[in-house]
Amino acid sequence: MQDSCKPKTGETLPFGYNKRTNTVETSKADFPLADSGMYQLDITLKRGQNLAARDRGGTSDPYVKFKIGGKEVFRSKTIHKNLNPVWEEKTCILIDHPREPLYIKVFDYDFGFQDDFIGSAFMDLTSLELNRPTDITLSLKDPHYPDHDLGSILLSVLLAHKEGQKEVTMLMRKSWKRSSKFQPQSLRLSDMHRKSQLWRGIVSITLIEGCELKPMDANGLSDPYVKFRLGHQKYKSKIVPKTLNPQWREQFDFHLYEEHGGIIDITVWDKDAGKRDDFIGRCQVDLSVLSREQTHKLELQLEEGEGWLVLLVTLTASTAVSISDLSVNSLEDQKEREEILKRYSTMRMFHNMKDVGFLQVKVIRAEALMAADVTGKSDPFCVVELNNDRLLTHTVYKNLNPEWNKIFTFNIKDIHSVLEVTVYDEDRDRSADFLGKVAIPLLSIQNGEQKAYVLKNKQLTGPTKGVIYLEIDVIFNAVKASIRTLMPKEQKYIEEESRLSKQLLLRNFIRMKRCVMVLINAAYYVNSCFDWDSPQRSLAAFVLFLFVVWNFELYMIPLAFLLLLAWNYFLILSGKDNTQHDTVVEDMLEDEEEEDDRDDKVQHRHWGGICYLNDQVNACLSILGTDKDSERKGFMNKLYAIQEVCVSVQNVLDEVASFGERIKNTFNWTVPFLSWLAIVALCVFTVILYFIPLRYIVLVWGINKFTKKLRSPYAIDNNELLDFLSRVPSDVQVVHYQELKQDPSHSPNKRKRNNPG
């Protein structure tokens, strides 16, 4: 959600508040400038009073953001259609020092549009008395209209001094000491403890179905989808078209940071192309009332609507995800290492199938980063991501060669996941600037080897300036990893929505064409055998045809694939692999990279043209005296529909091309683990088809299909073959994951141009 009112340089000065239930006057001298301890700020967002109306109906859909040092540390839930909302939400924030004020911003939520700014206020934390709860009423102001009455926000605040070990309850980064030349680093997690758990547990949610939802379309049906939010974590389900009883059967996980559990906000929407989606209803799940290590079936009645949702919710203990200094290394401690190896040994292959392995990432340092600030320096910090697990280092200020020396540990749910390490430049008053990124498949990691990875641009298609030094270790159970390969792949919560791009559409078309040409060339080859263009080849094909047809058995089908895999493997071993490095996709990606900025400009001009054209249409309609609103909506709906069709075509081309490339890369041994797994599966199929009559195999398959819903009513449907292929990288992903060699002659100016951050 973007801020609709971004404070300018002169607007960051805080606004005063006019009322405090408990008046506290504490001097700033009470807080020493140098203190080795930490402060815990407990805030209860109680309610709002007489907030400004921002919607046409004379109401608002308010939510609140808390910011410290320019960084968002909390966002409340949205209260729909209410100018006196009651939140009663609690949050716990660890801060380095109370010298930075707490900035409160209130917005009106507008789905699909930019949220409207309602008002803001600030709270001077140095005026709070330690260890004493304080009720505060803050009057909201707008910098552009300081005389307007925009309502007020009621808070309860408790500031306490924390010494020694303190578990981090929020995944956040502080940005104090920015101006100090002698304080090059921001908050060090190890200043207060050597090792800390960043979240306390996992909430596993399975969205099963909806029942008797409210019809929102003219045909008496809806196109429903569901949004989930727990704190800052969000998930959006797929859209089920034209039904009031949708079946989703989607599974996902949230991280649990709060000790008491927290509340999951759930909203149901009806998808409408070209206009604002319709709100169907909402409900909540209070995790504090659910017992842990147990699956709960919940039937939730929708408020402000009709129908209900069916969910399965499971709360499990925290996995071993942590941040520590280099002095705390789990794998160097012999006892901890033996415990980790025992946990993922072959003897425990069927214990906790979701816990596939253990990943340790040492983020050591970076060199020769791009200068993102006007001073010729940067304030770099590093983000380490594994699927939906996201951890951050501290910031090293005014440095192009930062040293972080941090160790991150993750639990691996899928051995085919990709580790993403991104370097950003911290900016106090705006979003961080991109400096570089690397994507490393877990199966390509060489344990215990410190490597210098050349940073790439956002699209992972070419180099940018700088290298990052990492040392990575992966320990996993091969049996669990193989079984997990045949299950649905975890979806990332935060993914960029597909946008129409000329270069991307052309790239997908060329990839699709190459796949089709393989089939056409194969057909031409077979046809040439029939035409006896080459007598020797046709004679050999004729003899092979007679032999295979005369002796054909069903088990020969997987056996043929098995022989093809084995043939390619021996070609690779002997060094006679005649499959040349495919540079076509790389060339297309480079062209797309060069055109990226131009496409952005064209897109801006495109939308500017649409707006201009829309204004001209409105002018013409007003002259003609026609119904301006209905005609304008119809015209804009057609434009949106055309764009959606083009994006759909672009995505379909990508899916079809990726499917063909993944099949090719399986037989080319692009990922040896997956090719070996395919060999094992094909051997099993060959043996089964050889010894067991086909009728028995079909009988077992049919019984399993017919009784699956009876045995497991809430099981998520999946296709094992498609799930396997989803783990095989496409040609585009192969280029993304390819390590680049350092090129001293690479022009810094070109690198900067290639970096869209």
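Visitor: Why is serine 538 called buried?

Guide: Buried means under 20% relative accessible area. Serine 538 has 2%, so the word applies. Serine 538 lies in helix H4, residues 535-551.

Visitor: Which residues does serine 538 touch, leaving out those up to four places away in sequence?

Guide: They are Ser528, Cys529, Trp532 and Asp533.

Visitor: What makes E13 and E16 edge strands?

Guide: The order of the open sheet is E13-E12-E15-E16, with antiparallel pairing. Strand E13 (233-236) and strand E16 (278-286) each have a single partner strand, so one side of each has no neighbour in the sheet.

Visitor: How do you know that E15 and E16 pair?

Guide: Pairing needs at least two bridges, and strand E15 (residues 263-270) and E16 have 8, in the antiparallel sense. Threonine 267, for instance, has arginine 282 in E16 as its bridge partner.

Visitor: Where in the chain is confidence lowest, and where highest?

Guide: Strand E1 (residues 19-20) is lowest, at a mean pLDDT of 34, and helix H9 (residues 672-691) is highest, at 94. Over residues 163-197 the pLDDT is below 50, though this stretch has 108 contacts in the model beyond near neighbours in sequence. Where pLDDT is low, the predicted coordinates should not be read in detail.

How values were computed: Residues numbered from 1 in each chain as written. Predicted model: local features only at pLDDT ≥ 70, side-chain atom pairs only at ≥ 80, totals over all residues. Heavy atoms only, no water. Helix = DSSP H or I, 4+ residues; strand = E, 2+ residues; numbered from the N terminus. Buried < 20%, exposed > 50% of the residue type's maximum accessible area, 1.4 Å probe, protein only. Contact = heavy atoms within 4.5 Å. pLDDT = per-residue confidence, 0-100.
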